[in-house]
There are 2 protein chains.
Amino acid sequence: MLYEISEKAIRLRREGKKIIRFNMGDPDQQTPNEIIEAALKAMRKGKTKYASSAGEKELRERLAEIHDTSAENIIITPGSKWAIFSIMYLMLGDGGNVIILSPHWSAYELMAKSIGAEARFLRTSLDSDWKIDIDKLRELIDDKTRLIIFNNPNNPTSKVMDEKTVRGLVEIANDENVTILSDEVYAEISFVKVKSILDFEGNHIFVNSFSKTFAMTGWRIGYAVVNEELAQKMMKLNQITMTNVPVFIQHAALKALELRDEIAESMREAYWRRAKIACDILSKSKLEFTKPDAPFYLFPRYKNLDSETFAFQLLDRGVAVVPGTAFGGYREHFRISLTVSEEDIELGLKKICEAIS
Amino acid sequence: MLYEISEKAIRLRREGKKIIRFNMGDPDQQTPNEIIEAALKAMRKGKTKYASSAGEKELRERLAEIHDTSAENIIITPGSKWAIFSIMYLMLGDGGNVIILSPHWSAYELMAKSIGAEARFLRTSLDSDWKIDIDKLRELIDDKTRLIIFNNPNNPTSKVMDEKTVRGLVEIANDENVTILSDEVYAEISFVKVKSILDFEGNHIFVNSFSKTFAMTGWRIGYAVVNEELAQKMMKLNQITMTNVPVFIQHAALKALELRDEIAESMREAYWRRAKIACDILSKSKLEFTKPDAPFYLFPRYKNLDSETFAFQLLDRGVAVVPGTAFGGYREHFRISLTVSEEDIELGLKKICEAIS
């Protein structure tokens, strides 16, 4: 059904029908010009050759400074997705299993499946404000559990874990000798402060991306902060797969970091306004939802909704959303991505409200 | 020892010593300006978003035209290396083995090892002009053999297979229901015509890159021509790993194809002159070698040489080469890469001749 929805959306757009794209995890903003110019400058300087599979030293040192670690712990990857895939590939190849906090970004599950690793899901629910049941997590862990993966802030709920929750997860992981992989790609533009996995003791993994903060999705650049042993393994895997992220793209990323505070603040403000508009409209509807702590998703529920049929039919009203089944079987939910203009948010959400009334 | 050689080279360069880098598979030429400008134009047009994991339709259609196939058979990858890795990952995951024609690019062997697949080697020798023994190949194949991989023209020998040899390989592969993966990244700038795997019947795989022909190594863009079923699988693997090659890089590649004849000819001519100079010098030495059919390597032999010790010591004379052990245990050989200026070729080869005399 997910396939049919996406096919229908493509067909309708081809026919020239306007579709409000609440289904995209891709910011509508353009990459800031200064970043593009930095890439160009590097290209013209000849930064178009093979390079280190760990990433450029200058970029790794700058990121190490930001995260209060050493450059040896940083690996630059073509998107955070490659970082996550390669870590799973390296850590789960021997029959290990992975616990994924759910609802979850579907890529985590598909990666585990591709690698042939068992994925176990720790479900959370809107009814308990997406609270994580630490005892249930303990039950899921066995001697083959190598990784616990979560996304903080979460896609699709936009929930940020409180400090106590992260601490609880870290304590169990440390007790059981399991590694946490915390995917924090929405953290820098979060509305509330995110307690990073890097603030805790233990042998855990932090993953980040330039995609969301800097509207650089298509540039394909992210990174992981890992221990030196894993960093070496990731570098060696990079050597026999994608070699290196183009150096001129790494120079663009360096420029992005230079402008970080300014860009992140303007992104955060824009998404905050959008979230406010969206919450105002949805709170007058029959949809249940939690207010987002971070950009850029809402994950409302409508009791007894079949979100796949709903998403398919909603396209006829010119609105695309992602059914909740794509995030681990949340059939009554659907995901709204606020990566469209304020006008389109108002228009699109009104159409959604009409559709469920 | 390979590690020590590379470390020593880095140390000497850091100390400011001039090293003639005969060890690099990276053209010394710069990416042509028109290609850089095409990337910039695409960036400014906003081609910086998520895109198809198969590659841009326009680029796939242009490549399909060149290779007389359909766009559905083309997958764009971040370098030909990723294409080869992902094909091995998809085809060898179930306990299959791969036959690699040797001497070989070390990445093939490292990929098989990483995936956990057995690699079998069909050795060729300078003594028989690197001729492939078709009967020996047949002996290596069993019911778990899924792939035969070769590089044509070959790195490190720069030998091009004659049509009869390719036909012989194809016939065995078709008989035994094994897929050939032909890595033809040096074919477009070859001195002699290369009979491509695509010119033969059978379910075989062609891999190519923009790196060598267009001096675009660091851009990370290549492609595979495969059947539609494998194309779908590769696209799905791309979706959960690196997402897409940056679209602006794909636009640069389109510009490269537009200038293809002109750039390839000038590259070929430059390497031809270099190869001639190198052969003239080496033919006066005690080194045995076959004349290159293509850019940009020479793989000479010196009887009873320990090429690792030789390469290590040669660095003190300011010349870096790769010992033959890196290509499948060819201890008496070493690889010279003609990716330096004509002056440096003369100078470097004279130092090599001195070292062995």
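1. Let's start with K351(B), which sits in helix α12 of chain B. Keep in mind that you're looking at a predicted model.

2. Who does K351(B) touch? If you set aside the neighbours within four places in sequence, K351(B) is in contact with R317(B), G318(B) and V319(B).

3. How do two packed helices get described? By the angle between their axes and the distance between the axes. Here, helix α10 (residues 260-282) of chain B and helix α12 (residues 342-356) of chain B have axes that come within 10 Å and cross at roughly 20 degrees. Angles under 35 degrees count as roughly parallel, and α10(B) and α12(B) are therefore roughly parallel to each other. As for handedness, the crossing of α10(B) past α12(B) is right-handed.

4. Which residues make that helix contact? On the α10(B) side, look for R273(B), R274(B), I277(B), A278(B), I281(B) and L282(B). On the α12(B) side, they are E342(B), I345(B), E346(B), L349(B), K350(B) and C353(B). Sorted by class, the contact of α10(B) with α12(B) has seven nonpolar and five charged residues, with no polar ones.

5. Three strands make up an open sheet, ordered β9-β12-β11, with antiparallel pairing. The edge strands, each pairing on one side only, are β9 (297-298) and β11 (322-323) of chain B. β11(B) pairs with strand β12 (residues 334-337) of chain B over two bridges, in the antiparallel sense. To get your bearings, find P323(B), which stands opposite F334(B) in β12(B).

6. Finally, check where the chains meet. In chain B, 35 residues are in contact with 35 residues of chain A. Which elements of chain B give two or more residues to this side? They are α2 (33-44), α4 (80-92) and α5 (106-115). The largest share, five residues, comes from α2(B). By class, the side of chain B that touches chain A has 19 nonpolar, eleven polar and five charged residues.

Technical notes:
Residues numbered from 1 in each chain as written. Chains lettered and ligands numbered in written order. Predicted model: local features only at pLDDT ≥ 70, side-chain atom pairs only at ≥ 80, totals over all residues. Axes fitted to C-alpha atoms, helices over the stretch in contact; angles between N-to-C directions. Helix = DSSP H or I, 4+ residues; strand = E, 2+ residues; numbered from the N terminus. Parallel < 35°, antiparallel > 145°, perpendicular 65-115°, else oblique. Left-handed = near helix turned anticlockwise from the far one by under 90°. Contact = placed C-beta atoms within 7 Å. Nonpolar A, V, L, I, M, F, W, Y, C, P; charged D, E, K, R; others polar. Pairing = 2+ DSSP bridges.
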